[in-house]
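Me: Hey, can you walk me through this one? I'd like to go through it piece by piece.

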Amino acid sequence: MIEVQDVCFNYADEGNLLQNISFSAAPGDVVCLLGPNGAGKTTLLRCLLDINKPSQGKILVNGNDVKTMRPKEKAKFVAYVPQNTTAVFSYLVIEVVIMGRTPHLQRMTTPSNRDREIAEKALAQLEITHLAHRHFDELSGGERQMVLIARALAQQAQILIMDEPTASLDYGNQVRILKLVRMLAGQGYTIIMSSHFPDHAFLSANQVLMMQKGVVLERGHPEQVVTTENLTHLYASAIQVVEVTPQTHSNKPMKVCVPMIEQEAEGVFQAAQKTAAFQVRPLGSAMTDREGNEC
Amino acid sequence: MLKINTYSQDTIKLISLFLLLLVIFFASFLIGRYPVAPDMVFAILWGKLLHLPQHWTNSMETVVLKVRLPRIMAAILVGSALSGAGVAYQNLFRNSLVSPAILGVSAGAGFGAALGMVLQCSWFWIQGMAFAGGLIAVGCSFGIGTFFGNKSITSLVLGGMVVSALFQAFISVLKYMADPSDTLPAITFWLMGGLSKVTMQDTLWAMPAMTIALLALYAIRWEIHVLGVGEDEAHSMGINIRFIQGIVIVCATLMTAAAVSISGIIGWVGLLIPHMARMLVGAKFTQLLPVALLMGSGYLLLIDGVSRSIAAVEIPVGILTAIIGAPCFVFLLARSRRTWL
């Protein structure tokens, strides 16, 4: 269980990069952060990981304030799946996964055979045991993402923070990661992820935070929040949410987002802007972090 | 099957390196002007260890115990300290081009030693000033990175570059002012690095600092290993980043300063050996540290052996480490072609 209460964040001399963010997620929940570049998705995820320290508000993990938790304790509850690891040395896959055991190690020791078994089990669970003795830096993007998820599983934390888990993956790998996210949620993990694809919210999430300029515009179930009007406003381009019925046994309808590239869509866009259900509060102009990345 | 293999393979490599070091250790006693037979070396070492009655000449004992043993001990200590510091720094800065001198310890120690020589201090004080100079320089780098930079590793490295440049300039000033007939050559030789002046007392002075620092690094070897994937990820896996970084910097600085203070500036070992170790056992720091220590001490012993046997006059070790090390490195680079970097 993770609760975010009224969190604000800013670097020393700049305006708020996050403003009054609140939400909570229980075991089995998948929270998807949507928003344009610079909306504050990554900044928020970094706050949840205690890398960024909120200037205001609280983040509670199982009722404990992360600010007061020791790094090791916190790591037993919250695991991080980065977009891509920043490792420069050539580690074996199994070595990368075993690193996930770090919060469970006694001081001055290295992982035991039991830790190794847990890491191997994590690889087996994701069906990537065959990668164990490959070099991590020689893997494809999809394989790397799976290994980093395996590392988070080996960490045995119930809350997984995933920063754009589908970024720069091919279509098949994106689908595989989304299936995996649903499977993990089914096992009781809480997953908080960011995405640039609103479709992914329909496919995997049960809670969506729509963020813009550090503010949560809309929060709720994807069915209610991911709408033509909200998307069009959020991304400042004409996007329609349409219902389709794929040929399955149940014939259950699905929603998909379609960007309107044709000229005629311009009219829809303007209409949607007029009827937008919310107003963006103007904030400080600088919405990029120090390196100029999106945050 | 595979996992048993990798585990025992690493152990085998470690044991063979240790045996190799042992061989080089004993072989080093045979090198030099005064010939001592191998069995005599064993006899003297065993005899002294077990207090057996003396059945060798006094001059033999002097050569083995007073001349060669301190030098061999010093080579082992300095070699392992430089390699250990290098491998720890490379993991900390996540850059395989980093050497122990990155935060200015060598430049600072060089300045301290040169100042001692210009002031005509005794050898003991010159070593003390070299040690202090190294620590002060790293302290300055750390201060610059923390108070003027943004406390990141990058600003720390920049601080190190600035401090190194500054102390190099100070060394030049001292060289310019030094008496060209005796002090200037002394400074120049010291900066080339060498073990010819080392006494048993120096070695014993340097040993505690190095041993404590090494043990501390060994205690946090897993944390340093995890830090190799980057600060954010290591933090999310429960590593106290600042704490571990601090310990590594303090330990590596102590080790390097102690090594430099007895041997002068021996370059290249702290850069070359970590690479060779990584070629041998991969990127895992827990394996890398002991392997680098063994290889570093063996390498410096070997080079020191060459330095006192190849020519009538002794060639400074600091020159040979590069002359022999560089081609070796290129050869290994061509042979392996694997991305151990």
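Me: Okay, where is Ser297(B) placed?
Reply: Just so you know, this is a predicted model. Ser297(B) sits in helix α13 of chain B, which covers residues 285–309.

Me: And is Ser297(B) buried or exposed?
Reply: Ser297(B) is buried, with a relative accessible area of 3%.

Me: What is Ser297(B) in contact with, leaving aside its neighbours within four places in sequence?
Reply: With those neighbours set aside, Ser297(B) is in contact with Leu21(B), Ala75(B), Ile76(B), Gly79(B) and Ser80(B).

Me: Let's stay in chain B. Which helix is Thr256(B) found in?
Reply: Thr256(B) belongs to helix α11, residues 241–263 of chain B.

Me: Why does Thr256(B) count as buried?
Reply: Because its relative accessibility is 1%, and buried means under 20%.

Me: What does Thr256(B) touch, not counting residues up to four places away in sequence?
Reply: On that count, Thr256(B) touches Leu82(B), Ala85(B), Pro100(B) and Val105(B).

Me: How many Å apart in space are Thr256(B) and Ile15(B)?
Reply: Going C-alpha to C-alpha, they are 26 Å apart, and in sequence they are 241 residues apart.

Me: New topic: the two chains together. How many residues are in contact between chain B and chain A?
Reply: On the chain B side there are 33, and they are in contact with 39 residues of chain A.

Me: How much area do they bury between them?
Reply: Chain B and chain A bury about 3100 Å², with 56% of it on carbon and sulfur atoms. In chain B, the residues that lose the most area to chain A are Trp222(B), Glu233(B) and Met237(B), and together they make up 22% of what that side buries.

Me: How many salt bridges are there across that interface?
Reply: The rule finds two between chain B and chain A. One of them joins Arg46(A) and Asp232(B), where the closest N and O atoms are 2.6 Å apart. As for polar contacts, the count between the chains is eight residue pairs.

Me: Which helices of chain B each supply at least two residues of the side that touches chain A?
Reply: Those are α1 (2–28), α3 (58–93), α9 (221–227) and α10 (231–236) of chain B. By class, that side has eleven nonpolar, 14 polar and eight charged residues.

Me: Now chain A overall. How many helices and strands are there in chain A?
Reply: Chain A has ten helices and twelve strands. Of its 295 residues, 53% count as buried.

Notes:
Residues numbered from 1 in each chain as written. Chains lettered and ligands numbered in written order. Predicted model: local features only at pLDDT ≥ 70, side-chain atom pairs only at ≥ 80, totals over all residues. Heavy atoms only, no water. Contact = heavy atoms within 4.5 Å. Buried area = accessible area lost by both parts, 1.4 Å probe. Salt bridge = Lys/Arg side-chain N within 4 Å of Asp/Glu carboxyl O. Polar contact = N/O pair within 3.5 Å; in protein donor to acceptor, adjacent residues only side chain to side chain. Helix = DSSP H or I, 4+ residues; strand = E, 2+ residues; numbered from the N terminus. Nonpolar A, V, L, I, M, F, W, Y, C, P; charged D, E, K, R; others polar. Buried < 20%, exposed > 50% of the residue type's maximum accessible area, 1.4 Å probe, protein only.
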